[in-house]
Amino acid sequence: MRGVGGGAGRAARAAMAGGEQRGAPGGPERVALKKEIGLVSACAIIIGNIIGSGIFISPKGVLEHTGSVGLALIIWVLGGGVAALGSLCYAELGVTIPKSGGDYSYVTEIFGGLAGFLLLWSAVLIMYPTSLAVIALTFSNYVLQPVFPNCIPPYNASRILSMVCLLLLTWVNSSSVRWATRIQDIFTAGKLLALALIIIVGFIQIFKGNYEELTPSNAFNFWMTPSVGHLALAFLQGSFAFSGWNFLNYVTEELVDPRRLCFSGAREGHLPSLLAMIHVKHCTPIPALLVCCLATLIIMLVGDTYTLINYVSFINYLCYGVTIIGLIVLRWKKPKIFRPIKVNLLIPITYLAFWAFLLIFSLYSEPVVCGIGLIIILTGVPVFFLGVYWRNKPKCVNRLIESVTCWGQKLCFVVYPQGGVAEEEEAPSACSRRPATKTAETK
């Protein structure tokens, strides 16, 4: 898909004269992704990705599938241990292949373009939009619960509020990186305070002697007998609360050469180059944000919160496992490559043993939900061969792609970031020259 507006190199460089980030004093201005994310905000983003809505909603799903408080606590401990094993594997991959894009970059590097594209396809169409949908639905349910104290909030009210929140946050992220990071900081602090309050109240109750449900005789008093499939689904619910531990790998280059997943995909020619463009004034990736927003709005309408959690957790674990298999393959293919961090092979092997158990029994217990996820991933195969592998497309197809890219650029007023995908291209494009002219006029 590099041909999607792919001939815009020279014109895009001219268009970069109107950005907000400046080069040397007296030199031309540059359009580039803003380096607004400092150490505190970076930590807040990582914490915010791990401590998200999952911890406030997953406990119910874990408890329902385990059938007892004691077994639910064991699932939580094991889930945290598995996440720790995965993070150790990702630490090795992150320093061995120092590219932004996380799983996508590693899988592309190790297994090739098709595998990387399928992972990217699943991330863009499933993982990120579904996670955002769960977060928005959880927020709306908590906000509406006081209004409907004796019943579940109405479906329409919950969906409408979720959509309003999503559209508002998309607008904020499109308008200002600084405001987006400030809102992230505020919500992260709010989540930490809420968790601290829950923990403190819990300890107060324990000190008062109200811990009967935690005694072994009561903790393992099952109100249902969980099957192996129930345990797999309990792990999926719990894993949603731990998801985000690999987020640091998506921003490996971020402090020096800021990119995100859409930029990494466009850089490899796996995504339309329009998704790699940023607004000439606000320096925000508006096309990528709009695509993610649209996909999230659609997903909100097709499932309840807990079904969506099973759906996204299954795909997440599938991608995690393929990535960690890549670690073992890389050890075999490039044994002498420099690895600042090198974990014991028992760590990825242990993770993969759990991974295989989880996927097999999850697919057995929720064949429709997991099957739909697999089908969506496989639909990426023809898209890859038609959009990426097929290089010599007819001129009419290339003209259509360029026209769509041109229309998108003019609609969103976006160009390539300095040093972005377009820097590798040479052929001029009639489309990108138009934003350049408008930018010159606004100066």
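## Close-up views of a predicted model

**View 1. Salt bridges in the chain.** A search of the whole structure, which is a predicted model, finds 2 salt bridges, a salt bridge being a side-chain nitrogen of Lys or Arg within 4 Å of a carboxyl oxygen of Asp or Glu. Side chains of opposite charge can pair when their charged atoms come close. One of the salt bridges is formed by R331 with E92, and their closest N and O atoms are 2.8 Å apart. This pair links distant parts of the chain, since R331 belongs to helix α13 and E92 to helix α4, 239 residues apart; helices here are DSSP runs of H or I with at least four residues, and strands are runs of E with at least two, numbered from the N terminus.

View 2. E92 is buried, with a relative accessible area of 2%, and R339 counts as buried at 12% relative accessibility, where buried means under 20% relative accessible area, exposed over 50% and partly exposed in between, with a 1.4 Å probe and protein chains only. Through shared partners, salt bridges join E92, R331 and R339 into one network.

**View 3. The largest cavity.** The largest cavity has a volume of about 90 Å³; a cavity is a set of points, on a 1 Å grid over the protein atoms alone, where a 1.4 Å probe fits but cannot get out, and lining residues have an atom within 4 Å of a point. The volume is the space filled by probe spheres set on the points, which are joined across faces, edges and corners. Of the 13 lining residues, the closest to the centre are S239, S243, W245, Y317 and Y320. Helix α13 gives the most to this lining, with 4 residues.

**View 4. A136 in helix α6.** A136 is found in helix α6, which covers residues 113–144, and A136 counts as buried at 9% relative accessibility. Leaving aside neighbours within four places in sequence, A136 is in contact (heavy atoms within 4.5 Å) with S162 and M300.

**Notes.** Residues are numbered from 1 along each chain as its sequence is written, and side-chain values use heavy atoms, with hydrogens and water left out. Local features need pLDDT of at least 70 and side-chain atom pairs count only at pLDDT 80 or more, whereas totals for chains, interfaces and linings use all residues.

Note on methods:
On a 1 Å grid over the protein atoms alone, a cavity is a set of points where a 1.4 Å probe fits but cannot get out, and a pocket is an open set with protein on both sides within 12 Å along at least five of seven lines; lining residues have an atom within 4 Å of a point.
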